[in-house]
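Hi there,

Here is the structure I promised to pass on.

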Amino acid sequence: MNINPVLLKELKVRMRGWKAAGIIALYLLVLTAVAVFIIYTTFMDPYSSNIDPQISIGAYTALAVFQFMLIMFIVPALTAGAISGEREKQTLDLVLCTRLKPISIIIGKLFASTSQTLLLIIASFPLFSMVFLFGGISIKEIMQLFGFYIVTAVTIGCIGMFFSAHLKRTTASTVFTYGTLAFLAFGTIFIGVFYIRIFYNWDYNKFLPILYSNPLVGFGSLLAEQFGYYGGINAILGFSAGFGRNSNAANAISPWLGNIIFDLVLCAVLLILSAARINPVGKGTFGFFRFRREKKKKASDSI
Amino acid sequence: MLAIKNLNKRYGKFQAVSDLNLEVAEGEIFGFVGPNGAGKTTTMKIICGLLRATSGEITLDGVDIIRNSRRMKEKIGYMPDFFGVYDDLKVSEYLEFYASIYNIKGQERKRITDDLLELVDLGSKREAYVDSLSRGMKQRLCLARSLVHNPRLLVLDEPASGMDPRARFEMKEILKNLKGMGKTIIISSHILPELAELCTSIGIIDQGRMVISGSNEEIMQQVYNKKVVRLKVTERLDDAVLILKEYPFVDKLVIGENTIQAGFGGGDGEMSRVLSDLINRGIPVVSFSQMDGNLEDVFMKVTKGEEEQ
């Protein structure tokens, strides 16, 4: 099997020495501390029974949110410099003048940059299984959560790669990546609320399509669905089907599933655009449109 | 082997390369000379598929490089005028990474890495981190990298820039080895005497245009219309000048501290006659020889220089 050479090289460098193992150990230690704290405080609650599924739900939620925040904050920092960093080190041209396709370079860099986070996520899997002791959470639900994590991490990675490929400086790329993430997480909610306030006759049973792009809504809806709870943030957003699927919006796709589909499409688009951008003999990111424009111009000139 | 026809590269309104034509035969070492911003690096990058030409055609063994960029990259090795090394890799890992890109595996990868490190005299640094290498060593490592897939054509952009004299000498020796191995090389440099010594032919580019190209001798003939001789004396320089001026086939005298450089229209017989005459008339001649080509003079003569642009 041929492993992407860029990925292999990056993994070799990143996993060298005790640093990588140290980070994993430290991370798992922090996660364990969070879980133990939640379980301990619930055990100490005199009104709670000792074997209560509520314990596992509390610990599961805490771990899930902690890990999700980690993805949201760490992945942009790791990926936003992937290509611009190569440019700054003057190594991009050396890879581009080889037989490697631009898309292979982009994919190699993407997975190399997100690998550390993905490794942390996978390493935390046994810790999550601790909640099985108390019941209330099934393995299917944990798999759903991890699937959602991986898709979210890769999507954020793709956003970082896109800006890294398009902007010369890593600092600018990092700012734009965090900015885009902030827009997806909060901007889309703001637009949604604004839209509903303008259109007073909005059918509150409908799910606002723009919120399919929101990772927070997706994550929240996944947890809400897993706990069999479809209310919650609906009240805040002002529409009944906003966060989870309810009986009135039974035909609508689950927000978290919609978010995954949106993410996968976005990833494909961003990867193609990033590869087009770094292709030195290509027509650039919007080359296709430029090509059409040139063709039109030539046609009009010939007339 | 390599043929460039009417190559043009424009950045907005700036014409970086203008109707450039060039042919490099198999096994040739072609020296690419020109002032800063003349279009050398741009041309080299287009050859290596790192820039898109505005128009024109480049073929390698008859195959269009621009249209078959990926396939042709396997036949071209490129060394830019900057280091471009991953500091956090070991020397052997650095070469192995590029070998893996070309699908070179296992023992063959190791053998190629070892051979190349020997070639560039970095065998003892195999396990050293790239970060710990000196500038000259990094340049040599870059050269080894460009050879990892055994390319037919090597494009070297200022391979000796910023090196101290010793490192330059070592680089020159490696390039001589490559010349002996029959590699076709395009090399740009500002160290003109070294280029003259290494190259079988030279092209001088200025403001994106190829001003002159050919073998060293052809260029000297084109520029001076005749060969150039150089005479060195210990004293009586003025008398030597007067004697030389008596011969109709000697002209364009350039007088230095103890030297005279002159255009020479005659053959070997005339050269011998002039030398005998100088000695018979008591001029203390230290040396009298035909110059291989003072590329620096030619360069100054055919390019306008940055100030005049």
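First, a term: two residues are in contact if their C-beta atoms, placed from the backbone, lie within 7 Å. On that basis, 24 residues of chain B are in contact with 16 residues of chain A. On the chain B side, α3 (91-101) and α2 (69-73) each supply at least two residues, and α3(B) gives the most, with 5 residues. Helices here are DSSP runs of H or I with at least four residues, strands are E runs of at least two, and both are numbered from the N terminus. Sorted by class, that side has 14 nonpolar, 4 polar and 6 charged residues (nonpolar: Ala, Val, Leu, Ile, Met, Phe, Trp, Tyr, Cys and Pro; charged: Asp, Glu, Lys and Arg; polar: the others, Gly among them).

A word on where this comes from: it is a predicted model, where local features need pLDDT of at least 70 and side-chain atom pairs count only at pLDDT 80 or more, while totals for chains, interfaces and linings use all residues. Residues are numbered from 1 along each chain as its sequence is written, with chains lettered from A and ligands numbered from 1 in the order in which they are written.

As for chain B itself, it has 11 helices and 14 strands, and its C-alpha trace spans about 75 × 45 × 35 Å along its principal axes. Among its contacts between residues at least 6 apart in sequence, 69% join residues at least 24 apart.

Cheers!
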